[in-house]
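Have a look at the picture, and then follow along.

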Amino acid sequence: MSHWYPSPDQEATAAQAVAAFRAAYGGDPDGVWAAPGRVNLIGEHVDYNGGPCLPMALPQNTVVALRRREDDLVRVTSTVGAAWQGHVADISPGRVSGWAGYAVGVPWALRTGAAGPEGKALGENGFEASVVSQVPVGAGLSSSAALECAVAVAVDDLASAALGRSSLGATDEGRARLAAACVRAENEIAGAPTGGMDQSASLRARAGHALALDCRDFSVQQVPFDAAGARLAVLVIDTRVHHALVDGGYGSRRKACDQACEVLGVRTLGEIGLDALDGALAHLTRPDHRRRVRHVVTEIDRVHAAVEVLARSELAALGPLLDASHASLREDYEVSCAELDLACEAARGSGALGARMTGGGFGGSAIALVDADRAESVADQVSAAFTRRGFGAPAFLLAVASDAARRLA
Ligand code: GLA
């Protein structure tokens, strides 16, 4: 028997957030907002290299009950960590640690202009908020982006109404700006040097679609993704191995890519096409740089192939692309781990059409494309393989392409 995460129940979670709000602050919140976690179908470690990726929003959300204040006091509580309280002016890089940085970094990023000039006034006021997350934390499913994005849409809705204008979140262009503010909060307040895919997915994805995100300019295309219609499912395997992007591995990969860009005289590795790969590799003297570049350039090519496969509604043809992506992340980018490798191998061995790690790596989750009616049996066989190898039990959920951040109540 495998461990499955419970199916998310938005109403129950919203009620829990409101109850926590009342207990912490008294009175009612102004509203309740939700923002989803994500899985990335393909295109890993390419966002900060100016490449394309293909994430989709999960049905699991982070839910926030929030009330705007007239002064600049900020108070936040959560089921995942200690409460934090301070003034808007207290929030700056290095001054908020832990989970709260992801939440209260958002008004700081808005105030300092990350969402453009119209966004500045949105972050001036304080607020009280209670947070409940359905997105497993530390599982590589972007619980941190979900938290930022839930706070961003809440603050944007309330402040825009107070200012008598329509919210940034009402348009995709405005959502792209909110995403930029969330990225800045994550990079500078929470201290995680991540690339922007997660916040775009949480704010800009659409139910029934994967989000083709071009990280050169963060433009998007909605690509229909109806796994159930093809009698397939995307099984998420959370290895439950610790995953934290503030640890060194993620940052060191970014740095290696920047160094390779300098040697090659390009602004981003995304500028190097597959046909120019051999020439680029010949210029690089460091073997680790050669491996990193080869991953990025071939991964970008796989994303283009995946988008074509989806456009032809040949979902099963994604399988070999997922497998090739995982091999590249394992061998060339070196961000997999024994548990992720086993999750993918065991899933394939029990009939998955393809499998790969998803997200930053070093633990966290893998995805497997499976026949819909075999998801449970694949999960059971992966669980059994983990037990045989002496690893802790993994946990599972099904990734159904879901809605982006929105107001619930
Ligand atoms: C994490 C980061 C993203 C992206 C992925 C790897 O999820 O937050 O920006 O770089 O890793 O693709």
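In this predicted model, the buried residues of helix α1 are Thr13, Ala14, Ala17, Val18, Phe21 and Tyr25. Looking down the axis of α1, you would find these buried residues within an arc of 140°, so they line one face of the helix. The spacing of such a pattern has a simple background: an α-helix has 3.6 residues a turn, so residues three or four places apart point the same way.

What lies over that buried face? The cover of the buried residues of α1 includes β2 (31–40), β4 (55–68), β5 (73–78) and β7 (127–133).

Now follow α1 from end to end. At its start, a side-chain oxygen of Asp9 comes to within 3.2 Å of the backbone nitrogen of Glu11. Just after α1, Gly26 adopts a positive phi of about 75°.

Positive phi values also turn up in residues other than glycine. Ser142, in the loop between β7 and α3 (143–162), has a phi near 65°. Is Ser142 buried or exposed? Its relative accessibility is 8%, so Ser142 counts as buried. Phe362, in the loop between β11 (354–358) and β12 (365–371), has a positive phi of about 60° without being a glycine. With 28% relative accessibility, Phe362 counts as partly exposed.

Technical notes: Residues are numbered from 1 along each chain as its sequence is written. This is a predicted model: local features need pLDDT of at least 70, side-chain atom pairs count only at pLDDT 80 or more; totals for chains, interfaces and linings use all residues. Side-chain values use heavy atoms; hydrogens and water are left out. Buried means under 20% relative accessible area, exposed over 50%, partly exposed in between (1.4 Å probe, protein chains only). Helices (H or I, at least four residues) and strands (E, at least two) are DSSP runs, numbered from the N terminus. The arc is that of the directions from the helix axis to the C-beta atoms. Contact means heavy atoms within 4.5 Å. A polar contact is a pair of N or O atoms within 3.5 Å; within protein, one must be able to donate a hydrogen and the other to accept it, and residues adjacent in sequence count only if both atoms are side-chain atoms.
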